[in-house]
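Student: Please walk me through one part closely, and give me the cut-offs behind your terms as you go.

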Amino acid sequence: MFDPYEVRKDFPILNRTIRGRRLVYLDNAATTQKPRQVVAAIAKYYLWHNANVHRGLHTLSQEASQMYEEAHEHVAKFINARSWDEVVFTYNVTEALNLVAFTWGMVNVNPGDEIVTTVMEHHSNMLPWRRLARLRGAKVVHVDVTDSGELLYEEFEKVVNRRTRVVAVTLMSNVLGTITADVVKRVARLAHEYGAIVVADGAQYVPHVPTDVRDLGVDFLGFSGHKMLGPMGIGVLWGRREILEELEPFKSGGDTIKDVTLESVVWHDLPWRFEAGTPNVGGAVGLRAAVEYLTRLGMDAVRDHERELVRYTFKRFNEELGDEVEVYGPKDPEVRGGVVAFNVRGLSHHAVGMALDMFGIAVRTGKHCAHPLHYRLGVEGSVRASYYVYNVKEEVDELVASLRTIISLKDKLQTGEVDERVCTGT
Ligand SMILES: Cc1ncc(COP(=O)(O)O)c(C=O)c1O
C-alpha cells in the first residue's frame, strides 16, 4: 500500500490555498492533477527531443518517434493488451468512442439493427451511438439501472438478440460510481454469441481499477489520459486487432497511409492508420509517465485506497449528516469506485458547490454529462466528490465539516444571503 501523504508531495498544486484555505481537490472524475514526474517528462521531451515523428531521418525525429512508440507500448502493458499496435492514441475518450461509431458502425450497422446501451452512460458513450443509429436507420435500446444504481446482467439478456450489432457500456459510472466490469464480462460473451461487438467506456475505470482487456473480453475500450494523472489532449482507443485491421481511418490524411496515387490509397499498418496528422507526442510522453507513476503505486493499491476513502465517506456522512444528504449509487464500497454524488436536502447542487468552494473544496456540480441518468434519478443535478491517489481521510473530514456548516446555514443559502464571510466565519 502506498502512502498518500508521500504521494501528495509530487503534486505542488495541492499546496495551493483557495480563499485562505488549503485546497481540497475532489474533482478527479473531471480531471486529475499532474505529478511533477509527468510534467518533467513532458518538459524534457520538448526541451531536448522535440521533432515531428515518422517523417525524418534525423536524430531528433528518430528519438521523438521512438518515444512516441514506446508510449504505446507502456499503455498496452498497462491494460494487458496483446500488442502495442492495438493501442491508438486519440484526443480523448470521446474521440475514441466516436472513432468506433463512425468507422466500424457506419460499415456494420444497417437499417433495422439495434445498438444496446444504458441509461447511465456519459453523453460521450451515448450521443455517437444515437447519431450512428439515425444515420443508419438503426434503433438504440437503453438498459435501465436498478433504483440503487446497479446494472443487472438479466436486463441485457432481455434486449440483446440477433438484431444487436453493438453493446456500448461504461465500466464505471461517473455519477453513481457503479463498477460494472463483472456484468460487462458476461455481456461480452452474450453479445458475441449474436455477433455483436462490445465497446467499453473506461474513462472512470482504467485510472482506478487494474485493467485487463483480455479478461474483460470486450472489443473496444476507450479512456482519457487526463483522468489518470496524464496531460489533456491524449486519449486511448484499444481495439481487438482483427477488428481494427478491417477498418478504414476515422480521419484520413498524413501518416494514415502507406501509398497514395491519384487513383488509389493503401492504408497504413496499425495503429498509424488511425492517428491522422501530426500527433500529440508530448502528450503521449506525459501519458507514459503517468502510467509508470500509477504502476509504481500499484493499481490494486489505488483501488484499495479509493475503496477505503469511499467507505470512510459513507461512515462520516451517516454519522454527521444523516438524512440531510442523499447519496446516489450503490452503498457497498466493494461494487463502486471513488465517486460520490449526492444532494443536500433543500439546497440546489449549485448552491452547495459554490458554498464548498468558499471552504476551498473543489467538487463538480450539475448533471456531469449524464443528463438521462439524472432524469432517471429524478433530480436536477448533483454534487460530486471524486477521489484519487492523493486524497486523504482528513479531506473527507473537511468535506463533512463544511457540509455541516452549509446545512446549518441552509435558510440563508436558500435566500442567497450567504457570502464567503458567513460561510467561513471570517
Ligand atoms: C464515463 C465517462 N466517459 C466519457 C467521458 C469523457 O471524457 P473526455 O472529456 O476526456 O473525452 C467522461 C468524462 O467525464 C466520463 O466520466
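Tutor: Let's start with the open sheet: seven strands, ordered β4-β10-β9-β8-β7-β5-β6, with mixed pairing. (Strands are DSSP runs of E, at least two residues, and helices are runs of H or I, at least four, all numbered from the N terminus; two strands pair if DSSP finds at least two bridges between them.) At the edges sit β4 (87–90) and β6 (139–143), each pairing on one side only. From one strand to the next, the twist averages 20° (axes are lines fitted to C-alpha atoms, and angles run from 0 to 180 degrees between N-to-C directions).

Keep in mind that this is a predicted model: local features need pLDDT of at least 70, side-chain atom pairs count only at pLDDT 80 or more, and totals for chains, interfaces and linings use all residues. Residue numbers run from 1 along each chain as its sequence is written.

Now zoom out to the domains. The chain is assigned domain 1 (4–30 + 298–424) and domain 2 (38–295), with bounds from an automatic or database domain assignment. Their C-alpha centres are 29 Å apart. In the contact between them, domain 1 puts in 24 residues and domain 2 puts in 21 (contact: C-beta atoms, placed from the backbone, within 7 Å). On the domain 1 side, the elements giving two or more residues are α11 (299–321), β14 (339–344), α13 (371–377) and β17 (382–386). The largest share, five residues, belongs to α11. That side has 13 nonpolar, five polar and six charged residues (nonpolar: Ala, Val, Leu, Ile, Met, Phe, Trp, Tyr, Cys and Pro; charged: Asp, Glu, Lys and Arg; polar: the others, Gly among them).

Six of its six residues are buried, so β14 is largely enclosed by the rest of the structure (buried: 20 or more other C-beta atoms, placed from the backbone, within 10 Å of a residue's own). In a regular strand, side chains alternate between the two faces of the sheet. Here V339, A341 and N343 on one side, and V340, F342 and V344 on the other, are all buried. As for partners, β13 (residues 325–327) runs antiparallel to β14 with three bridges, and V325 bridges to V344. β17 also pairs with β14, antiparallel over four bridges, and there V339 has S386 as its bridge partner.

Definitions and conventions. Two residues are in contact if their C-beta atoms, placed from the backbone, lie within 7 Å. A residue is buried if 20 or more other C-beta atoms lie within 10 Å of its own, exposed if 12 or fewer, and partly exposed in between; C-beta atoms are placed from the backbone.
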